[in-house]
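Biologist: I would like a close look at one part of this model. Please keep it plain, and take me there step by step.

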Amino acid sequence: MDRRDVQGHYERLAAEYDEHWVYGPHYITWMSAHITETLHLSSTDRIADIGCGTGMFAREVARIVNPQHAILCADPSLAMLHQIGTPPPATLTPIVASAEDIAVGRVQLLCRQLDAIWLKESVHHVADPATTLYGLAARLAPGGRLLVVMLPTGIEYPLFQAALDRFTELQPNPELIVDYLRAAGLQTKLRYVDYQLHLDREKYIGMVRARYMSVLSTFCDSEVEKGIEEMRAAHPEPVLAFPDRFAFLLGVKPGEGR
């Protein structure tokens, strides 16, 4: 996907974003718990969610952690940030900023250093991930943690084949992101976690038609409709069951934490 189109894609999708991404009643809780546990978050941590979207995960993490400092929710899309609430909850501080903005210090943060940062399925939108991750690592306090959650290059979604192929073409390899984190001076580990999805077929087709994944915005309307016909033929079952596999890449900055 042309990265110049990314912000426009999310501006258009903002109002219905949560509807498409809340796969089921347990998904947000499940993912947020994994983020919290992997980062070893505590109430005293200074935390940032980079590429937060509507803040759905930050909101749940805040409920789990009860942070003393509001979680910084950064996203370049003002429309997405508006979904956090007006005014936002006291536990979240939205800021219009990209990962690059945070990395190079184009925006001023309330705290000079952060104890924990996560990027949930947003690193593929970063034009220069090596440089950006290096800059984000520099914003960490000693002992700080940086978590990248991303999909692998191959996914088992019941999408049409052209979309699956294009996703593989555009998605960065998690192993490459590990190299970038290590080059940024972080002690890094990679693990994979699976979440089993069960979605009503018509609901999922509606998600595809709405282009819930950014890769789908690289297809025109007629290509999407042709793809949906292919999906209907390949998946006649009323409920689609498939795994969602996530790579969790945790980088830790050497030194003693607070």
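First, the setting: what percentage of the 258 residues in the protein chain is buried? Then the part itself: at what angle do helix α10 and helix α11 pack, and which residues meet there?

Modeller: Keep in mind that this is a predicted model. Start with the whole chain. Buried residues make up 53% of its 258 residues. Buried here means under 20% relative accessible area. The chain has eleven helices and seven strands. Its C-alpha trace spans about 55 × 40 × 30 Å along the principal axes. The radius of gyration is 18 Å, and a compact globule with 258 residues would have a value near 18 Å, so the two agree. Now look at contacts with a separation of 6 or more: 76% of them join residues 24 or more positions apart.

Now zoom in on the pair. Helix α10 covers residues 201–209, and helix α11 covers residues 221–234. They pack at an angle of about 160 degrees. Their axes are 10 Å apart. Angles over 145 degrees count as roughly antiparallel, and therefore α10 and α11 are roughly antiparallel to each other. The crossing of α10 past α11 is right-handed.

Next, the side that each helix brings. From α10 come Arg 201, Glu 202, Tyr 204, Ile 205, Val 208 and Arg 209. From α11 come Val 224, Glu 225, Ile 228, Met 231 and Arg 232. By class, this contact has six nonpolar and five charged residues, and no polar ones.

Before you leave, stop at some loops elsewhere in the chain. His 40 sits in the loop between α3 (27–39) and β1 (47–50). Its phi is near 55 degrees, a positive value in a residue other than glycine. His 40 counts as exposed because its relative accessibility is 59%, and exposed means over 50%. Asn 66 lies in the loop between α4 (56–65) and β2 (71–75). Asn 66 is not a glycine, yet its phi is positive, at about 55 degrees. With a relative accessible area of 56%, Asn 66 is exposed. Finally, find Pro 87 in the loop between α5 (78–82) and β3 (92–96). A cis peptide bond joins Thr 86 to Pro 87, with omega about -5 degrees.

Note on methods. Residues are numbered from 1 along each chain as its sequence is written. This is a predicted model: local features need pLDDT of at least 70, side-chain atom pairs count only at pLDDT 80 or more; totals for chains, interfaces and linings use all residues. Side-chain values use heavy atoms; hydrogens and water are left out. Axes are lines fitted to C-alpha atoms, for helices over the stretch in contact, and angles run from 0 to 180 degrees between N-to-C directions. Helices (H or I, at least four residues) and strands (E, at least two) are DSSP runs, numbered from the N terminus. Angles under 35 degrees count as roughly parallel, over 145 as roughly antiparallel, 65 to 115 as roughly perpendicular and the rest as oblique. A crossing is left-handed if the near helix is turned anticlockwise from the far one by less than a right angle, and right-handed if clockwise. Contact means heavy atoms within 4.5 Å. Ala, Val, Leu, Ile, Met, Phe, Trp, Tyr, Cys and Pro count as nonpolar, Asp, Glu, Lys and Arg as charged, and the others, Gly among them, as polar. Buried means under 20% relative accessible area, exposed over 50%, partly exposed in between (1.4 Å probe, protein chains only). The radius of gyration is taken over C-alpha atoms; the globule rule is 2.2 Å times the number of residues to the power 0.38.
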